[in-house]
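Me: I'm new to this one. Can you walk me through it?

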Amino acid sequence: MRGFLTLTVRAVSRVPRVPRVPRRPLSGGRPPAPLGARVLTNPEDIFQHNMWDHVQWTEEETEKARLRAEENSKEKIPVEEQSKYDGEAYKYWDRFYEMHQRKFFRNRTWLFTEFPELLPPDTAGLCRPELEQDSRSESGNREKQQPCGSCTLTSHMDTFPGQHAAFRILEVGCGAGNSVFPIISTIRGSKAFLYCCDFSSQAVELIQEHPDYDPAVCHAFVRDICDTTSPFPFPPESLDIILVVFVLSAIHPARAQDVVTSLAGFLKQGGIMLFRDYGRYDLAQLRFKKGQCLSENFYTRQDGTCVYFFTKDEVHRLFSDAGLEELQNLEDRRLQVNRGKKVVMHRVWVQSKYRKPSLISD
């Protein structure tokens with residue numbers, strides 16, 4: 001592993017000199033640039049910051065990462081032992097949150113920069129934020145905005161939490177609330193409502209016991225999203241946004257498609273699913289030792305929790321096969337810098353936005 005990191009430092013000299021993208025304040029709810037704007041143009045500046053954005057790998061670096069992942073996945077966990085990591089996953093995450101409480105992850109203050117779709121409507125009567133079609137869409141498709149009248153629920157419950165909200169958000173795999181509380185702080189006083197769930201009862205308890213938890217704007221509940229037959233506390237086609245951040249990687253890849261398809265059924269027409277998770281050959285994948293691999297690109301950590309590393313193409317198939325259309329599907333490659341130890345590390349994530357088509361006749 002040390003050899004890979006050393007290579008990374010030497011390879012910085014090959015970073016192309018491109019104009020630095022200036023950071024601008026948010027305007028109209030839009031981020032200044034996708035996935036950050038700190039671009040390394042002078043290799044001598046590498047230790048001036050803790051993170052550099054939009055990093056291009058050389059062919060040599062890509063091949064070394066591939067070989068490293070191939071090497072650490074040669075020795076698989078025996079099949080007869082693998083089932084516990086799937087069937088008893090909630091136990092490992094309960095232990096995780098019982099041990100770490102709210103201290104392991106930082107609050108995701110970047111959420112509204114990368115995902116401004118989370119912002120509730122500014123104007124009364126709008127069913128969705130007046131956000132332009134993402135200019136970074138690789139599909140290039142543009143759809144008409146759905147009129148407010150079509151935002152009425154197509155399936156009704158007698159009563160349910162947040163039923164009077166004009167804008168509904170669901171976060172799945174909410175953990176101890178590192179996304180929940182930044183969202184609550186932002187939507188309080190608006191007509192928005194947040195649902196959040198996790199299959200760890202310990203995690204949900206941490207949220208419900210937090211001093212900023214407010215049942216008037218948020219409903220936290222225990223739910224295993226792999227169990228696609230269990231009910232949610234809201235009807236189908238009732239959600240504007242579903243946030244799926246670092247959660248699909250924690251479940252068995254064979255279950256991911258059913259999970260995404262099931263969740264898509266709860267989006268309104270025009271609703272958006274926001275995704276961010278680990279990318280193929282991220283540093284976390286390359287650090288695994290032999291004997292921790294469950295299947296290709298799927299590993300278990302020392303504490304029993306699991307993680308999968310996605311490619312852009314895999315993410316696209318998951319969401320498009322669930323009937324959603326691509327707005328954004330980006331590979332986020334960065335250099336993470338330990339300035340004290342003079343070590344540079346490759347980080348890779350995938351960030352995506354997919355929308356449920358609006359069925360509007362011209």
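Predicted model: local features only at pLDDT ≥ 70, side-chain atom pairs only at ≥ 80, totals over all residues.

Me: How many helices and strands are in the protein chain?

Reply: The protein chain has 10 helices and 11 strands.

Me: And what share of the residues is buried?

Reply: Of the 362 residues in the protein chain, 52% are buried.

Me: Which contacts join residues at least 24 apart, as a percentage?

Reply: Take the contacts in the protein chain between residues at least 6 apart in sequence. Of these, 75% join residues at least 24 apart.

Me: What is the mean pLDDT of the chain?

Reply: The mean is 79, and 76% of the residues reach 70 or more.

Me: Where is confidence lowest, and where is it highest?

Reply: Lowest is helix α1, residues 2-11, with a mean of 41. Highest is helix α10, residues 312-320, at 98. The pLDDT is below 50 over residues 1-32. That stretch still has 63 contacts in the model beyond near neighbours in sequence.

Me: Where else does pLDDT stay under 50?

Reply: Over residues 123-154. The model has 72 contacts for that stretch beyond four places in sequence.

Me: Back to α10. How do the axes of α8 and α10 cross?

Reply: Helix α8 covers residues 256-264. The two axes come within 8 Å and cross at roughly 45°. The helices are therefore oblique to each other.

Me: Which residues make the contact?

Reply: From α8, A256, Q257 and V260. From α10, R317, L318 and F319. By type, the residues of this contact are 4 nonpolar, 1 polar and 1 charged.

Me: Which residues of α8 are buried?

Reply: A256, V259, V260, S262, L263 and A264.

Me: New topic: α7. Which residues are buried there?

Reply: Helix α7 is residues 201-208, and its buried residues are A203, V204, L206 and I207. They cover an arc of only 155° around the axis, so they sit on the same side of α7.

Me: You mentioned β5. What about L239: buried or exposed?

Reply: L239 lies in strand β5. L239 counts as buried because its relative accessibility is 0%.

Me: What does L239 touch?

Reply: Leaving out residues up to four places away in sequence, L239 touches R168, L170, Y195, F234, F266, L267, K268 and G271.

Me: And how far apart are L239 and F167?

Reply: In sequence, 72 residues. In space, 7.4 Å, C-alpha to C-alpha.

Me: Where is F246 found?

Reply: In the loop between β5 and α8. F246 is partly exposed, with a relative accessible area of 24%.

Terms used. Residues numbered from 1 in each chain as written. Heavy atoms only, no water. pLDDT = per-residue confidence, 0-100. Helix = DSSP H or I, 4+ residues; strand = E, 2+ residues; numbered from the N terminus. Contact = heavy atoms within 4.5 Å. Axes fitted to C-alpha atoms, helices over the stretch in contact; angles between N-to-C directions. Parallel < 35°, antiparallel > 145°, perpendicular 65-115°, else oblique. Nonpolar A, V, L, I, M, F, W, Y, C, P; charged D, E, K, R; others polar. Buried < 20%, exposed > 50% of the residue type's maximum accessible area, 1.4 Å probe, protein only. Arc of directions from axis to C-beta.
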